[in-house]
Amino acid sequence: MIDIKALDNDEPLFGGLSFANYYKNALMARGESADLVDTAKALNQKRRTLVHEIETLKAQQNKVGAEIAQKKKSKEDASQLLAEMQEVSAKGKALSTDLDTLELELHDFMLRLPNVLHADVPAGKGEGENKEVKRVGEPKSMAFSPKEHWEIGERLDILDFERGTKVAGARFTFLKGAAARMEMALIQFMLDTHIEENGYEMIIPPFAVNSQSLTGTGQFPKFKDDVFHLEGTDYHMIPTAEVPVTNLYAGEILAEKDLPQQLVAYSPCFRSEAGSYGKDTKGLIRQHQFNKVELVMFSHPDKSYEMHEKMLSDAEKILNKLELPYRVVTLCSGDIGFGAAKTYDIEVWLPGQNQYREISSCSNCEDFQARRANMRFRPEGPKAKPLFLHTLNGSGLAVGRTLIAILENYQLADGRVEVPQVLQQYMGHTKVLGPK
RNA sequence: GGAGAGAUGGGUGAGUGGCUGAAACCAGUUGUUUGCUAAACAACCGUACAGGGUAAACCUGUACCGAGGGUUCGAAUCCCUCUCUCUCCGCCA
């Protein structure tokens with residue numbers, strides 16, 4: 001959420017711009033209307049006027065209330081005052097009802113405004129204008145034309161798309177034999193790396209959450225259609241472990257010494273993929289259910305961009321160890337997510353598709369989620385007021401897509417697939433998938 | 001799923017309609033005393049919103065005793081609904 005108070009501050013604190021104007025630029029860069037700022041400001045001005053009126057009435061009530069108590073005590077007649085206060089009370093109640101309506105309206109409006117953008121975010125309309133930061137690793141040259149992962153998987157009888165569709169529906173798949181084993185091996189390998197080398201603490205979150213948590217991280221109210229909802233309940237299948245893990249400290253005030261925190265979570269993720277009909281319908285790229293190892297950080301505001309770089313390199317390390325070629329891009333203003341101030345995507349090379357595809361997304365949300373979920377910390381020192389902390393999340397990595405990348409990058413001419421060195425110990429020292 | 005008990009400030013825990021933003025104790029912060037540590041004593045010790053103040057400070061007002069609603073001039077206190085926690089029973093991996 002955006003700081004509504006900051007919108008009223010006209011001081012040019014943001015590169016010579018007031019916050020309101022700075023934010024207007026961000027809105028336009030994201031392809032939204034700058035007028036939203038003026039609407040928010042107008043609603044808030046109305047709210048403040050109403051609050052002032054109501055509080056003046058309440059102050060009067062409290063003052064006269066004390067007089068009434070006095071008179072009753074000394075057995076004087078208070079009926080005159082009582083009659084007056086009945087009117088004041090009624091008027092106050094009517095105004096309070098108006099205020100409730102207005103506050104709901106303002107709150108809902110604010111929840112639909114996207115985050116500010118960091119200065120590094122390039123301007124652009126869509127995916128095509130993301131800015132490449134670097135390329136790492138050379139795509140292997142293959143003496144044959146590389147196959148796509150679904151062909152490799154079906155031929156080895158380790159991916160079963162048809163039966164997944166029969167049993168559940170489109171975008172559900174059975175992983176069998178070596179694919180299933182490699183999926184689990186990848187999860188364990190990623191977790192071990194983040195825990196033992198990168199300094200994360202592991203957490204397994206609930207795989208369903210309530211709507212409040214989804215509001216906290218920013219999926220709700222705007223992106224309600226993207227998550228699976230369990231009918232007749234307030235349970236929603238998590239679209240990413242970011243939701244339960246980031247909400248871990250919702251409503252809490254941490255001590256400054258508790259920051260930063262680095263958590264690594266394993267969870268399956270469930271996405272309805274509404275609006276992506278026809279996109280990536282073949283194979284494992286876009287599924288309703290997939291596994292992910294997720295990195296979440298809670299950071300001091302002054303340190304969050306440092307932590308963001310660390311998170312990126314922690315995720316890259318997995319690809320380096322698996323010896324998969326990839327590139328890193330900074331998402332442009334038109335492609336970056338609703339809650340992020342800055343996002344790096346890591347895209348892995350898929351020879352079967354002859355292109356780089358997203359395998360991780362690392363975002364600094366600054367205080368956007370912290371404000372929504374009310375997550376703060378108390379700085380050291382006497383009389384220090386609680387401040388909103390910064391939250392970051394990133395995939396470390398998307399497991400299904402990593403499996404795809406291995407199948408495509410490690411395929412052999414005869415249809416078999418080599419197992420990356422670091423993974424072999426997690427798979428009973430299997431070196432090659434396929435008939436001997 | 002059934003029966004019962006409970007939810008008050010960082011913690012323990014008083015408080016059944018106005019003098020309670022809330023006793024007391026513990027923890028915490030600051031200070032005084034003191035060879036050191038310890039102890040003793042004193043003060044401070046929640047959050048949000050609105051108004052004032054150029055402004056950090058500070059001042060004023062309002063709200064908050066699990067959440068929401070109701071009764072009342074006035075609610076931590078009375079009524080209703082919900083959530084959560086605990087105990088017992090049933091069921092279950």
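This is a predicted model: local features need pLDDT of at least 70, side-chain atom pairs count only at pLDDT 80 or more; totals for chains, interfaces and linings use all residues.
Helices α7 and α10 are oblique to each other. The angle between α7 and α10 is about 130°. Angles over 145 degrees would count as roughly antiparallel, and 65 to 115 as roughly perpendicular. The value for α7 and α10 therefore falls in the oblique class. Their axes lie 10 Å apart. Helix α7 covers residues 177–196, and α10 covers residues 304–322. The crossing is right-handed.

Now look at the residues that make this contact. From α7 come Met-190, Thr-193 and His-194. They meet Asp-314, Lys-317, Ile-318 and Lys-321 of α10. By class, the residues of this contact are two nonpolar, two polar and three charged.

Step back to the whole of chain A. Its domain assignment gives two ranges: domain 1 spans 4–111, and domain 2 spans 127–433. Taken over C-alpha atoms, the centres of the two domains are 42 Å apart. Domain 1 gives five residues to the contact between them, and domain 2 gives four. On the domain 1 side, two of the residues are nonpolar, one is polar and two are charged.

Next comes the RNA. Two helices, α3 (35–73) and α4 (79–111), each supply at least two residues of the surface near RNA strand B. The largest share comes from α3, with twelve residues. Sorted by class, this surface has eight nonpolar, six polar and five charged residues.

Phe-220 and Pro-221 are joined by a cis peptide bond, with omega about 0°. Pro-221 is placed in the loop between α8 (211–217) and β6 (236–237). A cis peptide bond also joins Leu-259 and Pro-260, where omega is about -5°. Pro-260 belongs to the loop between β7 (253–255) and β8 (261–270).

Follow the chain past β8 to Glu-273, in the loop between β8 and β9 (289–299). Phi of Glu-273 is near 55°. That is a positive value in a residue other than glycine.

Definitions and conventions. Residues are numbered from 1 along each chain as its sequence is written. Chains are lettered from A and ligands numbered from 1 in the order in which they are written. Axes are lines fitted to C-alpha atoms, for helices over the stretch in contact, and angles run from 0 to 180 degrees between N-to-C directions. Helices (H or I, at least four residues) and strands (E, at least two) are DSSP runs, numbered from the N terminus. Angles under 35 degrees count as roughly parallel, over 145 as roughly antiparallel, 65 to 115 as roughly perpendicular and the rest as oblique. A crossing is left-handed if the near helix is turned anticlockwise from the far one by less than a right angle, and right-handed if clockwise. Two residues are in contact if their C-beta atoms, placed from the backbone, lie within 7 Å. Ala, Val, Leu, Ile, Met, Phe, Trp, Tyr, Cys and Pro count as nonpolar, Asp, Glu, Lys and Arg as charged, and the others, Gly among them, as polar. Domain bounds come from an automatic or database domain assignment.
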